[in-house]
Amino acid sequence: MMEEIILFKDKKDCCGCGACVNVCSKKAITMQPDEYGFLYPQIEPEACVRCGACKKVCAYQDENKNGSKPMLAFAAANRNKEQIMNSASGGVFSAVATKFLLEGGVVFGATLTFENGHANPHHISIEAMEDLPKLQGSKYVQSSIGECYKEAQLFLKQGRKVLFSGTPCQVAGLYGFLRKDYDNLTTIDLICHGVPNAEFFDGYIQVEKVKRKAKEIIGYAFRDKKKGWGNVAKLTYQDQHGQEKNQFIPARLSSYGTLFYDSDSFRESCYDCPFARKERFTDITIGDFWGIEREHPELLKQVGFDERKGISCILVNSEKGIELCDEISDIMNLNSSSFDKIARKNGQLNYPMAQSNRRNIIMKIYKKLGYDGVEKWFYKRYKKQIVIHSIYNAIPRKIRIIIKKIIVK
């Protein structure tokens, strides 16, 4: 009798990328939620033929994985006003995606849709410019890969140019699935804090629906720029009369936002992430250039770099990445920087986020009482924070900017 396949021994050893699901020709593996809503692969014993393909493609557990230190670094901002305003930071992904789409390529990334009032973060592919907004903006929740690895492989074999974006573990999952590099593949990973799960996020959405007395939730932007570059979410919903309304929610006044930024709602693997380090596994790494007012104060006086619109950072990790940045230089403002400057306020480039004791408390509450229980715990536990940030957000933006500049000095 052939030995049983064990995909992981501990939850921290699985990032939920779904490479094993994509490679299984017998469809013996499915992603199933645990008691907290985090997805893990499960094998149907009767369908499994013990071929071991699922173990071979697991990049997360590959002890021989080697990354490369960034070759170049940039501060960056998209010159297209519409694209930068629809992006969470400086619009690098939009610029790169535009290049691929206009050249007949295929772009993969995370989207967030609402089906029957429930949030569904998942990866998709697009081939037309009109679909680019579906992939723009940060999604602070784990997206389901579905069969995107298989789809990407098909396009690559057809000779199509493919741009694949995602968290570091998702892109590593693609490479593990492909088992080879392709000249027509370009990859982008994000500076990732960690990921809550889709069920947990949808629980938050349902609480907001009740709170706003909404008829239907129809959209959610984790970071919207109407209030400037920062951490303000936008909830879009229909009221009881069918009128569309927007509610802007500062992260520190939101249970979901606070738990995310405090690293208290991530899957277990995030706290032990092997990709949270200087060595990268993609062609370029992108993120917000937090702390740019300290690292490059001269840039904020230049045309094209506006803190209100957002400024990105780029780490260039391969020759392909160098060529890519050269090709988008006509639609991006690029200024040389360094890894150290970028990493100063992006600690995940050096180490994973730390797990606090609060995380276990929150997960136990969620398991027992659902997100309603988490919301009540938040308002009880964070009373002082809520008062302070309510007062701060009531201050006119111009005055807040002056306060920030004084603090920086």
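Student: In this predicted model, what joins the side chains of D306 and R308?

Tutor: The model is predicted. R308 counts as exposed, at 51% relative accessibility. Its side chain meets that of D306 at 2.9 Å, N to O, and the contact is a salt bridge.

Student: Is K99 buried or exposed, and which residue is its partner in a salt bridge?

Tutor: The relative accessible area of K99 is 13%, and buried means under 20%, so K99 is buried. E103, at 43%, is partly exposed. The closest N and O atoms of the salt bridge are 3.0 Å apart, and the partner of K99 is E103.

Student: How many residues apart in sequence are the parts that D224 and K234 tie together?

Tutor: D224 and K234 form a salt bridge, with the closest N and O atoms 3.6 Å apart. D224 lies in the loop between β8 and β9, whereas K234 is in strand β9, so the parts tied together are ten residues apart.

Student: Over the ring of which residue does the charged end of K180 sit?

Tutor: The cut-off for a charge over a ring is within 6 Å of the ring centre. The charged end of K180 is 4.6 Å from the centre, and the ring is that of Y182.

Key. Residues are numbered from 1 along each chain as its sequence is written. This is a predicted model: local features need pLDDT of at least 70, side-chain atom pairs count only at pLDDT 80 or more; totals for chains, interfaces and linings use all residues. Side-chain values use heavy atoms; hydrogens and water are left out. A charge sits over a ring if NZ of Lys or CZ of Arg is within 6 Å of the ring centre and within 35 degrees of the ring normal. A salt bridge is a side-chain nitrogen of Lys or Arg within 4 Å of a carboxyl oxygen of Asp or Glu. Buried means under 20% relative accessible area, exposed over 50%, partly exposed in between (1.4 Å probe, protein chains only). Helices (H or I, at least four residues) and strands (E, at least two) are DSSP runs, numbered from the N terminus.
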